[in-house]
Every structure is written in C-alpha cells, then in structure tokens.
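I set out below what I looked up in this structure, entry by entry. I begin with a single residue and its surroundings.

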Amino acid sequence: MAAATALVAGVMTILMGVVARFPLALAAGLGVNALVAYEIAPEMTWADAMGLVVIEGVLIAILVLTGLRTAVFRSVPTQLKTAIGVGIGLFLALIGFADAGFVKGNAGSPPLGLGIGGVLVTWPSLVFVVGLLATLLLIVRKVKGAILIGILGTTVLAFVVEAIADVGPAGGPEGNPHGWSLNVPEWPSSWDATPDLSLLGNFNVLGAWQTAGPLVALMFVFTLMLTDFFDTMGTMVAVGQEGGMLDEKGTPPRTREILLVDSVAAAAGGAASVSSNTSYIESAAGVAEGARTGVANLVTGVLFLVAVFLAPLVEIVPFEAASAALVIVGFLMLTAVRTIDWTDYEIAIPAFLTIVLMPFTYSISNGIGAGVITYVLVKLVKGKAREVHPLLYAVAVLFVLYFLRGPIETLIF
C-alpha cells in the first residue's frame, strides 16, 4: 500500500508540475479516503470500491474538458473563495494540533481538550511545543527554510527524548496514552525496502453496480464527485492565496490544467487501488517557503518516487515534528481573513459558516457546501436573486442533496 501510494503520488505530482506549472502536490486524499473506507467499501469489495473511484475521476475529467468544472469554480464569489482558504487554514491548524496530541477528543464534555485531562503531561507534547515555538521564532526572524529547519530540528529532539525516556508508541496492546502519535523516532533496522506493486490494477469498474445495486453505486459516485470536486477547488484557492498567485477574482493561473490533472489523478488512484488522488493542502507549506512554479512539484514528485524504495526512512519523522508545520501554515493562511468585508452580512454570514464548519466537521466540502447554500439563501431573501450566478444555484441544490445523503442512502438501502 505504501509503495503504490508513493508511486501514484510521485507520478501525478510531477504531471501537475509539467502540465499546470502550479506548486500543488497530489496524493491519496484523506477526506475521500474516509468516505471510501467507512461508507463505500463496507458495502462491496475493495476492488469494486476502487472501480467507483475510477468512474468518478473519469466523469470529473469530462466536466473539466467541457469547461463546466472551471465555470462552476468561477461562479463562486471572490470573498467566499477567500473564506474557503481561511477555513482550510483553521482546518490545517486543528489537524496539526490533533496529530501531535496537543489537542485530544473527549468522549464526554467538552468534546475537545488540551492534552490528557486538560494538561500536557507527555514527552511527545513537550517535543511538539518546543518545535512549534522554535519554528515560529525562525519565521519571525525571516530565516529561509524555517519550516523545514523546524521539522528537522524537532526530529533530532524527538530522537534524543526517545533515547532517554523510552516513550514508545501510543496505544498498543498495553495502552500507552503517553506515547508518540504515529511514528516512534528511532533508527530503522534498514534504510531501503523492495517495493511491492501488486496492488496496481486491482479495481473492478462494474463490480459495485452488481454487488450494491445501480442506485447505491450511483449515490456513491455522486458523493465522491462532490467531495473531490470541491475539496480540490478549496485547496487550489488556499494554496494560490498563500502564494499571492490569484487574480482579482480569486482564480489561480491555468485553472483548467490544474483541474484536469487533479481529475486524472483521481482515476489513477482508483486504478492503482490506493483510493482517489487529489491536490493536498499541505502543499501550502512549500508555498510558504517560496514555491511558486511547477519546479517545486518536480522535486516533491521525485522525492515521492524515491520514497517507494526508502519507506523505512519516512518512519523516522514523528507526527509531533511534522505537525508544527501544519499549524504554522494554518496561521499564514488565516491572515487573509482581513480581506473579507465583515460589515456586509450578505457575504459575512456565508463566509463565517464556511470558515468554522471546515475544522468543526473535519471536512473541506462541508464548509464549502454550507457557505454556498447560505449565500444563495441570503441573496434570495434580500431580493437579489440576479446577483447569483445560475451555476451557483445548481451547486447549492447539489450540496443540499449531499447533506441529505444519509436519509437518501437509508431509503435506498
């Protein structure tokens, strides 16, 4: 799985750099992965689920080639696009804090809390806090490569802490709440590994239609399309916004090419049996360091391909070291909130819902959907229906169906 994931990510990231010349890397999308793993795959075989991903990617590519996907993107108001980028920034910060164990979910109230029982009592938490503060100070000093230096320096600190305290992994058979979130910072037994690419081609385009039935399969394809469609839109706006690469309407250069490569990547991910590949928001970390062209993608893509053979090396860096970068990029993206007119409720309310629902629901698509639906409703109530692009009405209806997919799927099943 790791080898196939890195291979597809590498090839698609390089393709984005060559065709779209935009610093937007691609890999298996976490939002789509969750949808596939918890809603779609349980109803069929994995190969059948991957077949639906391939279909979804092909359909979105057709929408790009016909110009519809680009037209939908352009129909979204500029300030709402800005809100999408801000919301993704908050979402990134939450992911960083949660991955590092700085913020944890609680079974009762409150739903989120600081560390364990409201206090920071673990060595990994200390490593994260030190790494975050050190990286922030480097950024304040305008040190070139501050984020990368911060990750490397925090990894070294994590190595020292693990060597002295022998913290170990979180969870495990003995249940260790004080352990490292994912990777334990220690030297691997080997530096390279022979890649196993047997997963490639493990998909069945027609299987889901027979196993789950045409209506269920169609509903799943619709949900995949909408999630992938708007996750990508939000990501490229946020990354372009961070790099100052958007025009006066909030549109990045070569939008059509970006969307086309992203669509091809979705189908490629399904064909490789590693789920839909899509543009990922962590690309903003590279943009924050100065990436502005497809050259950044060529470097990232090659490193992905190298990772196919050096998988054990990836496990050296713990979440606690890498998560600080997400928090910092979240801050940088959040600064665009100043460009939204908060005195105009017609845009301020949709922008607010877009921003807060992304981290609160752990979904980019949910935030965009809430913002679009609210924007259309506010304009209708104010008697300004003509100010809304016709395509945005269609998008609002689709998002209503998206939010109602639970009851709809219940009726279908």
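**Entry 1: Ser 323**

I looked up the contacts of Ser 323 (heavy atoms within 4.5 Å) and found that, residues up to four places away in sequence not being counted, Ser 323 touches Gly 96, Asp 99, Ala 100 and Phe 128. I note that this is a predicted model, in which local features need pLDDT of at least 70 and side-chain atom pairs count only at pLDDT 80 or more, while totals for chains, interfaces and linings use all residues. Residues are numbered from 1 along each chain as its sequence is written, and side-chain values use heavy atoms, with hydrogens and water left out.

I placed Ser 323 in helix H14 (residues 319-334); helices are DSSP runs of H or I with at least four residues, numbered from the N terminus. Ser 323 has a relative accessible area of 2% and is therefore buried (buried is under 20%, exposed over 50%, partly exposed in between, with a 1.4 Å probe and protein chains only). A polar atom of its side chain lies 2.7 Å from the backbone oxygen of Phe 319.

**Entry 2: the nonpolar core**

I then turned to the largest nonpolar core, which has 83 residues. Such a core is a set of buried Ala, Val, Leu, Ile, Met, Phe, Trp, Tyr and Cys residues joined through side-chain atoms within 4.5 Å. Ile 40, Leu 52, Phe 230 and Ile 368 have the most contacts inside it. Helix H9 (residues 214-242) gives the largest share of this core, 14 residues. I recorded that Phe 230, leaving aside neighbours within four places in sequence, is in contact with residues including Val 72, Ile 364 and Phe 399.

**Entry 3: salt bridges**

How many salt bridges are there by this rule (a side-chain nitrogen of Lys or Arg within 4 Å of a carboxyl oxygen of Asp or Glu)? I found five.

Arg 69 pairs with Asp 262, their closest N and O atoms being 3.8 Å apart. This pair links distant parts of the chain, 193 residues apart: Arg 69 is in helix H4 (residues 68-75) and Asp 262 in helix H10 (residues 255-271). Both Arg 69 and Asp 262 are buried.

Glu 346 forms a salt bridge with Lys 384 at 2.8 Å. Glu 346 lies in helix H15 (residues 345-361) and Lys 384 in the loop between helix H16 (364-381) and helix H17 (390-403), so parts 38 residues apart in sequence are tied together.

I also noted the salt bridge of Glu 387 and Lys 379 (2.8 Å, N to O). Glu 387 is partly exposed at 49% relative accessibility, whereas Lys 379 is buried at 7%. Through shared partners, salt bridges join Glu 346, Lys 379, Lys 382, Lys 384 and Glu 387 into one network.

How values were computed: Helices (H or I, at least four residues) and strands (E, at least two) are DSSP runs, numbered from the N terminus. A polar contact is a pair of N or O atoms within 3.5 Å; within protein, one must be able to donate a hydrogen and the other to accept it, and residues adjacent in sequence count only if both atoms are side-chain atoms.
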